[in-house]
Each structure stands twice: as C-alpha cells, then as structure tokens.
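The following note sets out several points for a colleague who has the model at hand. Please read them alongside the sequence and the coordinates.

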Amino acid sequence: MTVSFSLIQEDNRTMARAGVLHTLRGDVETPVFMPVGTQATVKTMTPREVEELGARLILSNTYHLYLRPGADLIREAGGLHRFMGWNGPILTDSGGFQVFSLASLCRIEDNGVWFRSHIDGSEHFFSPEKAVAVQEALGSDIAMAFDQCAPYPCSYEEAREATERTSRWALRCREASRREDQALFGIIQGGVHRDLREKSVKDLLALDFPGYGIGGLSVGEPKEVMYQVLDYTVPLLPPHKPRYLMGVGSPDCLLEGVARGVDMFDCVLPTRIARNGTVFTRDGKLVVRNAAYARDFRPLDPECGCYACRHFTRAYIRHLLKANEVLGIRLTTLHNLHFILELMRNIRRAILEGNFLEFKEAFLARWNKN
C-alpha cells in the first residue's frame with residue numbers, strides 16, 4: 001500500500017490516539033494538522049517556511065487547480081510536488097466541498113456535477129471518474145473520493161439522497177483509480193443523522209479504502225452537534241486506518257476531535273483569519289488590527305516562540321496591517337500556523353505521556369475564559 005497507518009498509543013480515558021501515517025514521501029506523526037495550500041501555495045508562505053514550522057503534510061484543492069492553471073499543465077511540469085516546490089506528502093480534496101460551497105453555480109445529477117467556473121463563468125462537468133483523473137494528473141500522495149456534502153440544515157430526505165449518491169460515487173472512484181503511487185480515501189457522509197452515518201460507514205468499509213474522511217461537518221452546525229456525530233461515527237471506523245475530519249481547524253475543535261479518535265485535520269481557518277488581522281493565543285483569539293493594540297509593545301502571544309513573537313510587537317504588526325504591508329499578513333499567518341502545529345505536537349506528546357485529558361482540560365479552560 002502507498003499509504004498505511006501504525007497505531008502507536010491510545011489514551012485510556014478518551015479515544016485519543018497517537019500514530020504514524022506512512023507515505024512514499026515520508027512518515028507523518030499523528031494527530032496531524034494539514035495546512036491548506038488551496039492553489040498550490042499556503043498563502044503568503046514559502047514551502048521552506050511551512051516545513052520549518054513543522055508541517056509534514058499539506059492539502060491542495062482539486063477544483064481550483066483544475067480551473068487554474070489546469071491539471072494537464074501541472075502534470076507537464078512534473079506533478080504538483082515539483083510544480084510548487086514541496087517535497088513532502090500532499091493530500092488533494094476531490095472538489096466535492098466546492099460543489100457544496102458554490103451550490104448556486106452547479107447542478108447535481110446522478111452521473112456527476114455540472115458547474116460554472118467562479119473565475120470566468122465557463123461550464124464544466126465533474127464525475128467521480130473525472131475527479132480521480134484530475135487528482136492522478138496532479139500526482140498527490142492521497143486523493144479523496146468524489147462526494148456530495150449535504151448542507152446544514154437540510155431535510156432528512158436531502159441528507160439521505162446525498163449519502164446514497166456519495167456511496168455510489170465512492171464505488172465509481174474506486175473502480176477508476178489507476179495510480180499505484182496514490183492512495184484513495186473514502187468520505188463518510190450522512191449529515192447529522194445517525195442511521196445515515198452508520199449506513200455510509202457500512203457502504204465505504206465494504207470498499208476497503210486505506211483511509212476514511214469524515215465529511216459534511218463544520219458546515220454551519222453547532223459544535224456540540226458535530227461532537228455528537230463524531231461520538232457515534234468514529235467508533236465504527238477501523239482502528240488500523242487513519243481517520244480524517246475534513247475542514248476543522250480551530251484549537252478547541254482540534255482537541256475535541258482528537259479526544260474522539262480523529263487522526264487528521266485540515267482547515268483554511270488559521271491562514272484566513274490571519275489575513276483579517278486575527279491571531280490565536282493561549283488566551284483565545286486576538287484581533288491585532290484593533291485600535292487597542294496601537295501602543296501594545298508585547299508579542300502577539302508572550303508564551304509563543306515563533307519568529308513573529310520573538311522579533312515583533314503587536315503595535316508593529318498592527319501598523320503593517322493598517323498600512324496594507326504584505327509583511328503584516330505574513331507574520332500573522334506564520335504565527336497562526338506555528339500555534340496550530342505546536343498545539344498538535346503538544347497533543348501528541350500528552351497522549352504518549354498519558355496526560356492528554358489534563359492537557360485538554362487545562363488548554364480549553366484558558367482558551368474559553370475569554
């Protein structure tokens with residue numbers, strides 16, 4: 001197998017676990033957060049900077065790269081790794097979430113999805129076979145099956161239809177997969193309905209994917225609802241394969257996801273809020289653009305050891321942001337990625353040392369205080 005998973009240790013009071021994801025481009029310690037490089041770049045960061053922050057696995061977006069610059073061009077360049085200068089493993093999503101998020105531009109059929117480009121309005125068609133072919137052209141290490149993500153809220157019937165279609169498309173993706181150096185993960189759907197989640201798991205386990213994404217969450221539902229879905233979904237998944245909660249990246253959700261047995265996460269949140277002048281600290285989010293920090297000469301987070309916190313103040317970074325200087329969003333992005341990646345390292349260490357629950361409770365007590 002091109003991707004396999006070794007379970008190293010399980011927490012005896014939660015479902016948290018530490019493991020290793022083995023890929024052809026190196027091992028990745030889990031739990032892991034994947035920085036998102038939507039268009040073959042983690043915004044404002046060079047690949048070397050992302051690697052130096054401790055990232056080992058990143059995500060890129062099939063839909064966006066298909067539209068621009070095109071999968072054929074990337075294949076001609078030698079594949080996504082060479083094209084973007086990233087030597088570690090890459091996971092590509094299937095484009096299914098973009099179908100959901102850009103619903104006004106698409107039409108879903110049993111055979112696939114017709115959609116209009118958000119760039120120029122041109123019409124395109126994505127089928128499960130096309131989604132696999134595009135990801136194979138990109139040359140990612142892990143590809144995701146094409147799925148349909150039901151919105152929240154939606155009717156039971158809408159969720160059932162999306163779940164059943166996802167299962168049919170998963171089979172078609174499995175049959176279309178050709179690259180022996182690329183692992184194809186399935187995606188669990190089912191909305192917030194337990195019976196649909198159980199049916200989705202059953203359907204996908206029958207296809208024996210090397211890993212499983214948990215989709216259809218973090219799409220507007222309350223966090224407690226997401227946690228409830230994880231509570232009854234994750235235990236159904238095989239312990240010897242990686243579990244990937246898609247689109248989740250706030251510190252509290254990462255901790256709660258790990259506590260429920262999730263191994264892999266991705267989200268644009270750390271980089272997106274950084275571009276809006278918001279950073280993570282141990283005491284919660286800090287909107288450094290606010291006037292209150294104009295004469296605040298402390299680091300973004302006094303307990304952080306990232307480059308931005310070692311060398312610059314809130315006042316200086318606020319000045320850069322207000323002046324629209326690119327360095328401002330580079331520093332906030334660097335800090336947020338460092339914060340999340342360090343959090344994941346500390347979570348793994350706590351699992352291995354047997355004190356994950358204490359770590360989780362202490363972190364969340366401080367995080368939630370503000």
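This is a predicted model: local features need pLDDT of at least 70, side-chain atom pairs count only at pLDDT 80 or more; totals for chains, interfaces and linings use all residues.

1. Helix H8 (residues 194–205) passes helix H9 (residues 223–233) in a right-handed crossing, a crossing being right-handed if the near helix is turned clockwise from the far one by less than a right angle, and left-handed if anticlockwise. The contact, meaning heavy atoms within 4.5 Å, is made by Arg 194, Arg 197 and Val 201 of H8 with Val 229, Tyr 232 and Thr 233 of H9.

2. Residues are numbered from 1 along each chain as its sequence is written, and side-chain values use heavy atoms, with hydrogens and water left out. Helices (H or I, at least four residues) and strands (E, at least two) are DSSP runs, numbered from the N terminus.

3. A salt bridge here is a side-chain nitrogen of Lys or Arg within 4 Å of a carboxyl oxygen of Asp or Glu. The two residues are 4 residues apart, about one turn of the helix. An α-helix has 3.6 residues a turn, so residues three or four places apart point the same way.

4. By this rule the count comes to 29 salt bridges. One of them pairs Arg 168 with Asp 110, at 3.3 Å between the closest N and O atoms. This pair links distant parts of the chain, 58 residues apart: Arg 168 is in helix H7 (residues 156–176), and Asp 110 is in the loop between strand S7 (106–109) and strand S8 (112–116).

5. Arg 282 and Asp 301 also meet in a salt bridge, at 2.7 Å from N to O. Both residues are buried, that is, under 20% relative accessible area, with exposed meaning over 50% and partly exposed in between (1.4 Å probe, protein chains only). Salt bridges that share partners join Arg 282, Asp 283, Asp 301, Glu 303, Glu 342 and Arg 366 into one network.

6. Helix H6 (residues 128–138) is largely enclosed by the rest of the structure, because 8 of its 11 residues are buried. Among them are Pro 128, Val 132, Gln 135 and Glu 136. Gly 139, which follows H6, has a positive phi, near 80°.

Technical notes:
Axes are lines fitted to C-alpha atoms, for helices over the stretch in contact, and angles run from 0 to 180 degrees between N-to-C directions.
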